[in-house]
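Colleague: Please walk me through this model, starting with the terms I will need.

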Amino acid sequence: ISELQEWRPVIYRKCTDTLWLLLFCVFWAGLMFISGYAVVAGAAERLVLGYDSFGNICGRKNTPVEGANLSGLDMTNKKYVFFLNSCGLEIQSLKISSLSLCVSSCPQEQLNSLEDLQSFARNNGSFLCVYNLNVSNYTLNPKAAQLCPTLPVPPSKSFPLFNRCVPQNPECYSKYASVLISMVNEMDVFHRILSGILAGRDTVIGLSVLALAFSLILVLGFRFIQTLLIHTLIALVVFGLLFISGVLWWLHYDYRNDPSTELETEKENVKFLLGYAIFSTIVTIVLLSLIFVLRKRLQFAVQLFRIVGKIIGRIPFLLFQPLWTFLILMVFWVFWVAVLLSLGTAGTAQSTSGGQVEYRALSGVCYLAWYHFVGLIWTSEFILACQQMVIAGAVVTCYFNRNKNNPPPHPVLSSISVLFCYHLGTAVKGSFLITILRIPRIVLLYLYNILNQKKNAKCLFSCCFCCVCCQESCLRYFNQHAYTTTAINGTNFCTSAKDAVCILARNSAKLASISCFGDFVLFLGKVFVVCFTVFGGLMAFNYHRELQAWVVPLLLVGFFAYLMSHSFLSVFEVTADAMFLCFAIDMETNDGTAEQPYFMDQELLTFVSQSNKLTEGQNHRSTRPFQDNEDGTELQPM
């Protein structure tokens, strides 16, 4: 590198931050161990499909459990859990005392005798007595009273979430609901969240596709119709923020005054809705204020995206880069959720003296879940960091090219090959720093929920949470410029970050206003995607209130929507940031003469000059916005 005469994308590179790449591989080896353990020890279907007293999961084929003669049955056509004594349930140590069976349908009418049970079984194919009792012996076996449900059997219908046959008789329903409320309220929050995710899995997938569609529309709009899109986007964001805030406050009022709110999951929905409404209102006020203050700079935003669109036009495959990133993220998220569900149901089936089966949770699962959660954050940030490095590398290659009409061949593929051959460790280190700042946020949220009754503690944790969020935003900004510097010089993360900070510090007054306003417009695009995706989620989940912790899946949908929009719109964000960093380097090391001409085109130089004059309020025209490099040296590596 020291032999290079110009500071341009280097040809001869070496691997950077290799130890961090090895650490990431070791970490993923731990994730693979957890995945294998979860697959072997877990059973996600048991959480949502339900199971009988003999260890059979309803709605699927089962494997036998040693010591339980009635286990291992084929329950493909028996999808509902039926309790033999639904009117006299009792709960002991998170277990319902009544014997339960898998049945194909719930009795719609009251059954008063064994003859009625026998007739119901023959007419509907749903057997309400223990499996080893033949239907012809319902009225003949002397032990039928113990092997069949307690008479009379009340009419019941299937429950939406847990696939239970819920009695419709008022007295039985009251007893059944009180026991079920006690069981659900005593469940671990982790398992309640898993139940909510499983119950709303179709809605979550549909909303994720909706967020993908919104993101694609915005990307195409920023590329081809900048003037119309920006004004329309701001109008839609203003409408969306006001509308979402109003809907959240209305739902909170509706849930709070609902007399049927008894379950802990429903009470959590009310608390989360209040938090969402307050947060949405604050964000609405802040963003509306910023839009009002920055309204006069909209024309410069249009020019900025026109210049960025021209660069992307020279590298059209940059528009496909977020699609690959999105597909990789989706595959990883599906894998992560599947492992999480299996891990949450990890337990061993043990037979009891009566031939029944109990599932006993394994110790240490919570620690594995935390490790798995760190893997979600680190790996997601790593995938996004790789996308940033690929885009930055392609932009740098095209910027430091004299012939703008003849760009280098395949800059995106070249950038991908450079990343995988030399700089994966740098992406790992940058994403790890983001992860380190995200973990305290999770811990602060956990402590905040524990100490939510103490006002002083709530204020302290809120301040700490805001500080961590600000630090994360600053770190993301410097990470992006560090990746760009690595793409130029091939240096490790720390060296690149130091060089990027130095050059940004010397030119911060000139570039900050331009870059920040462009980032603000892109942030409005992300808010647009999240707002309308969350609105769709509110409308979808509001129709399924029964026993669903749907507010947590809604938060997950909002998080995924933001990541999707960030993944797609970051093409413009990373392109603009890389372009301005290259611009600053170009201005510091060249003077525009025949001996040292600029790499930039005249349109970019004119745009920056006009924007700086608007910011500084000066009436002079400057063709040299930055300090001159009077020693006349060539463009050298930092």
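Modeller: Gladly! Helices (H or I, at least four residues) and strands (E, at least two) are DSSP runs, and they are numbered from the N terminus. This is a predicted model, where local features need pLDDT of at least 70 and side-chain atom pairs count only at pLDDT 80 or more, while totals for chains, interfaces and linings use all residues. Residues are numbered from 1 along each chain as its sequence is written, and side-chain values use heavy atoms, with hydrogens and water left out.

Colleague: Thanks! Where does Asp17 lie, and is Asp17 buried or exposed?

Modeller: Asp17 lies in the segment before H1. Asp17 is not a glycine, and yet it has a positive phi of about 55°. Buried means under 20% relative accessible area, exposed over 50% and partly exposed in between (1.4 Å probe, protein chains only).

Colleague: How confident is the predictor, and what is the average pLDDT of the protein?

Modeller: pLDDT is the predictor's confidence in each residue, from 0 to 100. In this protein 76% of the residues score at least 70. Residues 1–6 stay under 50, and the pLDDT is below 50 over residues 618–638 too. The average pLDDT of the protein is 76.

Colleague: What does the overall make-up look like: how many helices and strands are there?

Modeller: The protein has 638 residues, and buried residues make up 50% of them. Contact means heavy atoms within 4.5 Å. Among contacts with a separation of 6 or more, 74% join residues 24 or more positions apart. The secondary structure comes to 17 helices and eight strands.

Colleague: UniProt has a transmembrane annotation here; what helix content does the span 232–253 have?

Modeller: The unreviewed UniProt entry places "transmembrane region" at several spans, including residues 232–253 and 382–402. UniProt positions are given in the numbering used here, feature names are shortened, and annotations may be inferred rather than shown by experiment. Over residues 382–402 the chain is 86% helix and 0% strand. For residues 232–253, the end C-alpha atoms lie 32 Å apart, with 0% strand and a helix content of 100%.

Colleague: What end-to-end reach does H12 have?

Modeller: H12 covers residues 365–399, which is 35 residues, and 27 of those 35 are buried. The expected span of a helix is 1.5 Å times one less than its number of residues. From its first C-alpha to its last, H12 is close to the expected 51 Å, reaching 51 Å.

Colleague: Which residues of H3 are exposed?

Modeller: H3 (residues 114–124) has Leu117, Gln118, Phe120 and Ala121 as its buried residues. The directions from the helix axis to their C-beta atoms define the arc, and these residues cover only 160°, which puts them on the same side of H3. On the other side, the exposed residues are Arg122 and Asn123.

Colleague: Which residues have the most contacts inside the largest nonpolar core?

Modeller: A nonpolar core is a set of buried Ala, Val, Leu, Ile, Met, Phe, Trp, Tyr and Cys residues joined through side-chain atoms within 4.5 Å. The largest one has 106 residues, and its largest share, 20 residues, comes from helix H16 (residues 551–589). A second, separate core of 30 residues includes Leu101, Cys102, Leu111 and Leu128. In the largest core, the residues with the most contacts are Leu318, Phe572 and Leu604.

Colleague: Which residues is Gln321 in contact with, beyond four places in sequence?

Modeller: Gln321 is found in helix H11 (residues 321–344). Its relative accessible area is 10%, so Gln321 is buried. Leaving aside neighbours within four places in sequence, the contacts of Gln321 are Gln387, Val390, Ile391, Val412 and Ile416.

Colleague: One last item: which peptide bond is cis?

Modeller: Look at the loop between helix H4 (144–147) and strand E5 (156–158), where Pro152 is found. With omega near -5°, the cis peptide bond runs from Leu151 to Pro152.
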